[in-house]
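Look at the chain below before reading on. The text after it goes from the whole chain to single residues.

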Amino acid sequence: GECSDFNGDCTTLMIRHVPSKMTQRQLVRELCTLGFDGRFDFVYIPLDSRRRANRGIAFVNFSDAPTAKDFAQAVDGRVLGRAAEQREVEIVPADVQGFENNVERHLETLSCAVDIGKPLILKRLPPRLMGQQMKMQQMKMQQQRFGASGGGFQRQ
């Protein structure tokens, strides 16, 4: 594949044509099988809640730019996983670059109690982001306590 648009500090990649039933954990296994174990810290596959499948794209942040480039060159144009829908994936630099920027973009989701639709964060958050996340969690708790949820706790 063409990796000409990978500039010096590109660490976050978007993978297009991900098999629609592939989960984040399956993608992590795939990345490890390909030899990138321990060399990435953020994995996100956006879900399409209506279809109960993913949207066919994934975002992965690698520990450094050379690793991201290695991955792009190794995987671009290949098939990921053993899915029935075999499509060659396409690797492009993501719009949002870097671990912190990606985490920050998803902080709202990450501070929810529910696990569905959350990115996988594979290293410790920096103190600034941990602080923001705790504030969000506290705000959510207060909203629930003061019945902002419209009393959705009654059973039918």
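The model is a predicted one, in which local features need pLDDT of at least 70 and side-chain atom pairs count only at pLDDT 80 or more, while totals for chains, interfaces and linings use all residues. Residues are numbered from 1 along each chain as its sequence is written, and side-chain values use heavy atoms, with hydrogens and water left out.

The protein chain holds 5 helices and 7 strands, where helices (H or I, at least four residues) and strands (E, at least two) are DSSP runs numbered from the N terminus. Read from the N terminus, the order is β-α-β-β-β-β-α-β-α-α-β-α. Of the 156 residues, 40% are buried, that is, under 20% relative accessible area with a 1.4 Å probe, protein chains only. Among contacts (heavy atoms within 4.5 Å) with a separation of 6 or more, 67% join residues 24 or more positions apart.

Helix H2 spans residues 65-75, and its buried residues are Ala-65, Thr-67, Ala-68, Phe-71, Ala-72 and Val-75. They lie on the same side of H2 because they cover an arc of only 160° around the axis, the arc being that of the directions from the helix axis to the C-beta atoms. These buried residues pack against strand E1 (12-16), H1, strand E5 (57-62) and strand E6 (90-93). Just after H2, Gly-77 has a positive phi of about 85°.

Strand E5 contains Ala-58. This residue counts as buried because its relative accessibility is 0%. Leaving out residues up to four places away in sequence, Ala-58 touches Leu-13, Met-14, Ile-15, Val-18, Leu-27, Tyr-44 and Ile-45. Ala-58 and Leu-13 are 45 residues apart in sequence, and their C-alpha atoms are 8.2 Å apart.

The largest pocket has a volume of about 370 Å³. A pocket is an open set of points on a 1 Å grid over the protein atoms alone, where a 1.4 Å probe fits, with protein on both sides within 12 Å along at least five of seven lines; lining residues have an atom within 4 Å of a point. Of its 18 lining residues, Gln-24, Asp-115, Ile-116, Gly-117 and Lys-118 are the closest to the centre. Helix H1 (24-36) and strand E4 (53-54) are the elements that give two or more residues to this lining. The lining divides into 8 nonpolar, 5 polar and 5 charged residues, with Asp, Glu, Lys and Arg counted as charged, Ala, Val, Leu, Ile, Met, Phe, Trp, Tyr, Cys and Pro as nonpolar, and the others, Gly among them, as polar.

Methods:
Buried < 20%, exposed > 50% of the residue type's maximum accessible area, 1.4 Å probe, protein only. Points joined across faces, edges and corners; volume = space filled by probe spheres on them.
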